[in-house]
Amino acid sequence: MGIASRLKAEAAVLREHGPADLLLRLPRYTARRVVESYYERRFGIDTRGDLMQNALGVHDPDAVHYAPSPYLGFFKAMKLVGADLPSSTFIDYGSGLGRIVICAATLPFQRVIGIELVEELNRRARLNIARACRQFICKDVSVITTNATRWRVPPGASVFHFYNPFLSETLRATVAELARSLRESPREAWIVFNSPWQMSTLLTADEIIPQSWQKWCGDVRWPFSRDISKTDPHGSRYFIYRIDSR
Ligand SMILES: C[S@@+](CC[C@H](N)C(=O)[O-])C[C@H]1O[C@@H](n2cnc3c(N)ncnc32)[C@H](O)[C@@H]1O
């Protein structure tokens, strides 16, 4: 972003949120950086940064670039998940450099699986997993390179994490496969969705996951982030959906 557009953006924030918000920005930013560094060091991993698929040789118009979920946001969201973790499989759709796979593996899940489109990201995720694995409670942790639309959901999978990994038809097909699995093996499932712009529309539409399966929805804001719910109700927030197809 150039200086002119940066100043324009700051002026818009000032108009919308007032000067107090600008003053709070530095402490919020610092707190976010400190927390991120703490977890990266604690696990001995490197999962920060934004990476574009094009630069990694993958061209998929529905794919969203790699950017990691915030650690504290994820752990806060998981507190609302009422699944029996020791009998549950956790899936991270679009697992990137493995941050959420690693965080989930520190919880007592039976199995943790990351699904990632780009093999280069998975190669680096495996290095991260190898560095962090001594801190895992879950002992069955893997990442698979495939397009999420081609992956069949196993019957034991019951916690599904997304951080807007893909849009449009790819999201629709992936959620349809999830619904197929829930129909074939009726069970309770939890969708833990970070910033669910298109997902919330899909769920309201009642087409793929029937409303009658949707039992509860809660949301949590990412810690140390501005409340942007007025302009973007799904931004900087985790939404947790409890689904029951029984
Ligand atoms: C926003 S990042 C999320 C990373 C991680 N889940 C997290 O929350 O920290 C989205 C990831 O989804 C991956 N992705 C995009 N399209 C995909 C697809 N069709 N199948 C599997 N992964 C995909 C991207 O390569 C990227 O690594």
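**Ground rules.** I count residues from 1 along each chain as its sequence is written. Since the model is predicted, local features need pLDDT of at least 70, side-chain atom pairs count only at pLDDT 80 or more, and totals for chains, interfaces and linings use all residues.

**Domains.** I looked up how the chain is divided: domain 1 covers 3-43 and domain 2 covers 54-244, with bounds from an automatic or database domain assignment. Their C-alpha centres lie 26 Å apart. I then checked who touches whom, and eight residues of domain 1 are in contact with nine residues of domain 2 (contact: C-beta atoms, placed from the backbone, within 7 Å).

**Strand 5.** Next I went to residues 188-194, which make up strand 5 (strands are DSSP runs of E, at least two residues; helices are runs of H or I, at least four; both are numbered from the N terminus). Six of its seven residues are buried, so strand 5 is largely enclosed by the rest of the structure (buried: 20 or more other C-beta atoms within 10 Å of the residue's own, with C-beta atoms placed from the backbone).

**Its partners.** Which way does strand 4 pair with strand 5, parallel or antiparallel? Strand 4 (residues 157-163) pairs with strand 5 in the parallel sense, over five bridges (pairing takes at least two DSSP bridges). I found Tyr163 opposite Asn194 of strand 5. On the other pairing, strand 7 (residues 237-244) joins strand 5 in the antiparallel sense over seven bridges. There, Ala189 stands opposite Ile243 of strand 7.

Notes
Buried ≥ 20, exposed ≤ 12 C-beta atoms within 10 Å, placed from the backbone. Contact = placed C-beta atoms within 7 Å.
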